[in-house]
Amino acid sequence: MVAEVLVVGKFFPSVVEDLGKQFTLIQAANADAFAAMDDTALANIEGFATFGWAPADVIDRLPKLKLISSFGVGYDGVAADYAASKNIIVTHTPNVLNDDVANTTIALILTTMRRIVEQDRYLRAGRWAGEGNAPLTRSIAGKTVGIVGLGRIGEAIAHKLSVFNCTTVYHSRNEKPGVDYRYYGGLKEMAQDCDVLIAITPGGPATNKLINRDIMNALGPEGTFINVARGSVCDEAELIKALQDGRLGAAGLDVFEQEPNVPAELMAMDNVVLTPHVASATWETRQAMSDLVVENLTGYFDKGAVVTPVPECAHLCD
Ligand code: NAP
Ligand code: 8YV
């Protein structure tokens, strides 16, 4: 019997082509299109390819579901514990995006500290010719950079930072064995010692508003905050206030609380650099992530073995 696979969202054509060779595909453009589908069309679906979206009520509509193959390393939009409790395996796409996400983070740090976007606007507005040289900016050399979440991507960022003559430190719930960077058990203590703070943790309840008013105040008026984690990790209303009050120096943000909506207050600030959740968005990395989505589905249905299960489901893969 050919297994039925639900595909929600616009995947690369190669994903649809590869999956279509092996499975019967049931496709929905987005969550609204899925919601409008009749339950009878969902009755025999065993696999699910998704862009990080599989809440419990969606899982409940798929009575024969065995595998959720999620695009992206972060899966805060997938009810992984709930899936595991129903013996449904969840997979994600770790590691293949480490380089590009780390590169985007470095780009955001430099662009924010050196005010590259503002400088570009200064030149284009004719102000170089009209008013003379643009204002001076801050160097990263000699500064202390704190990474909140020294996981796969955090460590790639730390490695790339090593050429900038800055000191890298980190905070997470557990000290990481085998790394030389100074560990801080307390995030506020680390923020007080840092010039730049980078958030690169998962989203979800455990990290909700981890970067709060206290942390922003600790980072201070000369401090730069970079968020490449999830919008939920930072208290956005407090971030806006801290930047407006001058209690925080600058911010480089790839992720936001209500994507794709970005507060007008952030857009109005020259000391803020904004990118639309693109840290992994290169053709090469998105292809590698797409391939992994396919490999997890084909691996499971061919051999009963997935490539990259999330930790909550690792016990189902032994
Ligand atoms: P990972 O290897 O699982 O690393 C996560 C790190 O966060 C670990 O060091 C973990 O250490 C730490 N952490 C988890 N919960 C924490 C908490 N409550 N307080 C402090 N630290 C905590 O994950 P990864 O592959 O590096 O990916 C990290 C995240 O980056 C993803 O989940 C996603 O949200 C984000 N991301 C964003 C983009 C983008 O496009 N902007 C792209 C890729 C990934 P402990 O467990 O010891 O605390
Ligand atoms: C994804 C990301 O591309 O991997 C992640 O966690 O945030 C991005 O790389 C994004 O989630 C699209 O689904």
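Predicted model: local features only at pLDDT ≥ 70, side-chain atom pairs only at ≥ 80, totals over all residues.
Helix 6 passes helix 9 in a right-handed crossing. Residues are numbered from 1 along each chain as its sequence is written, chains are lettered from A and ligands numbered from 1 in the order in which they are written, and side-chain values use heavy atoms, with hydrogens and water left out.

Back to that helix pair. Helix 6 covers residues 98-113 and helix 9 covers residues 152-161. Helices are DSSP runs of H or I, at least four residues; strands are runs of E, at least two; both are numbered from the N terminus. The two axes come within 9 Å and cross at roughly 55°. Axes are lines fitted to C-alpha atoms, for helices over the stretch in contact, and angles run from 0 to 180 degrees between N-to-C directions. Under 35 degrees is roughly parallel, over 145 roughly antiparallel, 65 to 115 roughly perpendicular, and the rest oblique.

Who touches whom? From helix 6, the residues in contact (heavy atoms within 4.5 Å) include Val-101, Ile-106 and Ile-109. From helix 9, they include Arg-152, Ile-153 and Leu-161. By class, this contact has eight nonpolar, three polar and three charged residues.

Now ligand 1. Arg-152 and Ile-153 turn up again, among the closest of the 27 residues that surround it. A residue counts if one of its heavy atoms lies within 4 Å. Next, the polar contacts (pairs of N or O atoms within 3.5 Å). A polar side-chain atom of Asn-174 lies 2.8 Å from an oxygen atom of ligand 1. A side-chain N or O atom of Asp-254 is 2.9 Å from a nitrogen atom of ligand 1. His-277 has a polar side-chain atom 3.3 Å from a ligand 1 oxygen.

The backbone of Val-73 puts a polar atom 2.8 Å from an oxygen atom of ligand 2. For Arg-230, a side-chain N or O atom is 2.8 Å from a ligand 2 oxygen. For Ser-280, that figure is 2.7 Å.

Helix 1 (residues 13-22) and helix 14 (residues 283-303) have axes that come within 10 Å and cross at roughly 10°. So helix 1 is roughly parallel to helix 14. Val-15 and Leu-19 of helix 1 are among the residues in contact, as are Val-294 and Leu-297 of helix 14.

Most residues other than glycine have a negative phi, and most peptide bonds are trans. The bond from Glu-259 to Pro-260 is cis, with omega near 5°. Pro-260 sits in the loop between strand 11 and helix 13. Asn-87 has a positive phi of about 60°.

Notes:
Left-handed = near helix turned anticlockwise from the far one by under 90°. Nonpolar A, V, L, I, M, F, W, Y, C, P; charged D, E, K, R; others polar. Polar contact = N/O pair within 3.5 Å; in protein donor to acceptor, adjacent residues only side chain to side chain.
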